[in-house]
Amino acid sequence: MRGPGRVATAGALVHFPFVASPRQLVSTPPLQVWTRRSGLPGSDVFRAFGDREGGQWLGVNDEAGIEQCLARVDGSRWARVTWESRPPGGELPTTFAEDGRGRLWVGLYQGGLGRQRSGTRFTYLGPDTGLPGAFVDQILFDGRGRVGV
């Protein structure tokens, strides 16, 4: 790791300090462990992403895998994303990417994309906008800033 890192697990998000080699993680105590009890909005961390401003985004499931959410840590508090139109298949992210303007884009497990409007406000883009209605595993941007999935 080049800097502090976070490890997503079933049940927790673990924040480690800088280490020179991944082998050192075995003997390095974490700086912080977030669980449902300490404010994590779900028990199973499905995906995690650190944005260019140091923000941490998570896709989490509840214990039954039914309730899904996308959330961002704000200091030591987690805030769920607000959708202008809620994704019909749920909001569990499969991939993350930032465009040239620093906006976050999120590929969704049940299809479509979430595009960051501001802060934790997102717009859902689905099949009605020409995007795939199935699992999105990659988001790419070309030299003009156009998005591809």
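1. The largest nonpolar core holds 11 residues in all: Phe-49, Trp-57, Leu-70, Val-81, Trp-83, Phe-96, Leu-104, Val-106, Leu-108, Phe-122 and Tyr-124. β10 (104-108) and β12 (121-125) each supply at least two residues of this core. β10 gives the most, with 3 residues. A nonpolar core here is a set of buried Ala, Val, Leu, Ile, Met, Phe, Trp, Tyr and Cys residues joined through side-chain atoms within 4.5 Å. Buried means under 20% relative accessible area, exposed means over 50%, and partly exposed is in between (1.4 Å probe, protein chains only). Strands (E, at least two residues) and helices (H or I, at least four) are DSSP runs, numbered from the N terminus. In soluble globular proteins, nonpolar side chains tend to be buried together.

2. A word on the source. This is a predicted model, in which local features need pLDDT of at least 70 and side-chain atom pairs count only at pLDDT 80 or more, while totals for chains, interfaces and linings use all residues. Residues are numbered from 1 along each chain as its sequence is written, and side-chain values use heavy atoms, with hydrogens and water left out.

3. Look at Phe-96, a member of the largest core. Leaving aside neighbours within four places in sequence, Phe-96 is in contact with Arg-47, Ala-48, Phe-49, Trp-57, Leu-70, Leu-104, Trp-105 and Val-106. Contact means heavy atoms within 4.5 Å. There is also a second, separate core of 10 residues. Leu-13, Trp-34, Leu-58 and Val-60 are among them.

4. Glu-91 deserves a careful look. It sits in the loop between β8 (82-83) and β9 (93-98). Is Glu-91 buried or exposed? Glu-91 counts as buried because its relative accessibility is 2%. Its side chain reaches the backbone nitrogen of Leu-70 at 3.0 Å. A polar contact of 3.2 Å also joins the side chains of Glu-91 and Trp-83. A polar contact is a pair of N or O atoms within 3.5 Å; within protein, one must be able to donate a hydrogen and the other to accept it, and residues adjacent in sequence count only if both atoms are side-chain atoms. Not counting residues up to four places away in sequence, Glu-91 touches Gln-68, Cys-69, Leu-70, Arg-80, Trp-83, Arg-86 and Leu-108. Of these contacts, Leu-70, Trp-83 and Leu-108 belong to the largest nonpolar core.

5. Asp-99 counts as buried, because its relative accessibility is 6%. Gly-102, at 26%, counts as partly exposed. Beyond four places in sequence, Asp-99 touches Arg-52, Trp-105 and Phe-141. The C-alpha atoms of Gly-102 and Pro-22 are 80 residues apart along the chain and separated by 29 Å.

6. How much space lies in the largest pocket? About 190 Å³. Of the 13 residues that line it, the closest to its centre are Asp-51, Glu-53, Trp-57, Gly-102 and Gln-116. Strand β11 (residues 113-118) gives the largest share of the lining, 3 residues. By class, the lining has 2 nonpolar, 4 polar and 7 charged residues. Ala, Val, Leu, Ile, Met, Phe, Trp, Tyr, Cys and Pro count as nonpolar, Asp, Glu, Lys and Arg as charged, and the others, Gly among them, as polar.

7. The pocket terms need their cut-offs. On a 1 Å grid over the protein atoms alone, a pocket is an open set of points with protein on both sides within 12 Å along at least five of seven lines, whereas a cavity is a set where a 1.4 Å probe fits but cannot get out. Lining residues have an atom within 4 Å of a point. Grid points are joined across faces, edges and corners, and a volume is the space filled by probe spheres set on the points.

8. Strand β2 (residues 12-16) holds Ala-12 and Val-14. Ala-12 is buried, with a relative accessible area of 9%. Val-14 counts as buried at 13%. Not counting residues up to four places away, Ala-12 touches Val-7, Val-33, Trp-34, Thr-35, Leu-40, Ser-43 and Val-45. Under that rule, Val-14 is in contact with Gly-5, Arg-6, Val-7, Pro-30, Gln-32 and Val-33. The C-alpha atoms of Val-14 and Pro-30, 16 residues apart along the chain, are separated by 6.5 Å.

9. Finish with Arg-144, in the loop between β13 (140-141) and β14 (147-148). Arg-144 is exposed, with a relative accessible area of 70%.
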